[in-house]
Amino acid sequence: REEDANNATADAAKIESKKAEPAVKKITESQLKDYYWNQSPNFVKLYLTGLAALSKKTEKIVVSFTSESVGVRIGPISDKIFTFNIKKTCHKINPEKSGHKVKADYSTGCSYLLVSIAKHNPGRDWSHITFAEKAAADTKKKEERRKLTS
């Protein structure tokens, strides 16, 4: 009987300790892949889309620029952190003149993040957004030229 009483006390302690543990929400990180871009003589504009809950969470947006990179971190929003990174842009950028804004897309009801990347060399057209894309395209052009001259 004493053993049963000890087991009952131990079981009650286990239940009590489970109640006392705070609930820990798991936050997942998700890379943003839906975007499009265009350019003007002075800026390359990135449009990061699919961010329905963004309009009221502007304080949770961190955008960082270097002379050749762009990093975006949004959240946590609804237990998710959204990221977008360009490790090396096609051309140099001017971090001091670059910025971002949250915009509403009234046709879809979603928000999007507009990232304005100031060109280091205004007036120069960018053929690609990342250095890797440009390098791959340049390599493909060289291979096509070799095939034509062979």
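The exercises below work through a predicted model, each with a solution in steps.

Residues are numbered from 1 along each chain as its sequence is written, and side-chain values use heavy atoms, with hydrogens and water left out. Because the model is predicted, local features need pLDDT of at least 70 and side-chain atom pairs count only at pLDDT 80 or more, while totals for chains, interfaces and linings use all residues.

**Exercise 1. The sheet and its hairpin**

Task: work out in which order the strands of the open sheet of 4 strands lie, and which of them are the edge strands.

Solution. Begin with the terms: strands are DSSP runs of E with at least two residues, helices are runs of H or I with at least four, and both are numbered from the N terminus. Two strands pair if DSSP finds at least two bridges between them. With these rules, the order across the sheet is β2-β3-β8-β7, and the pairing is antiparallel. The edge strands are β2 (35–39) and β7 (99–105), each of which pairs on one side only. Neighbouring strands of the sheet are turned by 25 degrees against each other on average, direction ignored; here the axes are lines fitted to C-alpha atoms, for helices over the stretch in contact, and angles run from 0 to 180 degrees between N-to-C directions.

Next, follow β7 into β8, which run antiparallel and are joined by 7 bridges. V102 stands opposite L113 in β8, and D105 stands opposite C110 in β8. The two strands form a hairpin with 4 residues between them, and G109 in the turn has a positive phi of about 80 degrees.

**Exercise 2. The salt bridges**

Task: find how many salt bridges the whole structure has, and say where the partners lie in the chain.

Solution. Side chains of opposite charge can pair when their charged atoms come close. A salt bridge is a side-chain nitrogen of Lys or Arg within 4 Å of a carboxyl oxygen of Asp or Glu, and the search finds 2 of them.

One joins R73 and E29, at 3.6 Å from N to O. This pair links distant parts of the chain, with R73 in strand β5 and E29 in strand β1 (residues 28–31), 44 residues apart. R73 is partly exposed at 39% relative accessibility, whereas E29 is exposed at 55%.

Another joins D138 and K134, whose closest N and O atoms are 3.0 Å apart. Both residues lie in helix α2 (residues 131–149), 4 residues apart, about one turn of the helix. D138 is partly exposed with a relative accessible area of 29%, and K134 is partly exposed at 22%.

**Exercise 3. The aromatic pairs**

Task: describe how the rings of Y35 and F84 are arranged, and then those of Y47 and Y112.

Solution. Rings of Phe, Tyr and Trp (its six-membered ring) pair if their centres lie within 6.5 Å; planes under 30 degrees apart count as stacked, over 60 as edge-to-face and the rest as tilted. The structure holds 3 aromatic pairs. Among them, Y35 and F84 are edge-to-face, with 5.1 Å from centre to centre and 70 degrees between the planes. Y35 lies in strand β2 and F84 in strand β6, so the pair ties together parts that are 49 residues apart in sequence. Y35 is partly exposed at 30% relative accessibility, whereas F84 is buried at 4%.

The rings of Y47 and Y112 have centres 5.9 Å apart and planes at 50 degrees, so this pair is tilted. Y47 in strand β3 and Y112 in strand β8 are 65 residues apart. Y47 is buried at 12%, and Y112 is buried at 17%. Finally, ring pairs link Y36, Y47 and Y112 into a cluster.

Terms used. Buried means under 20% relative accessible area, exposed over 50%, partly exposed in between (1.4 Å probe, protein chains only).
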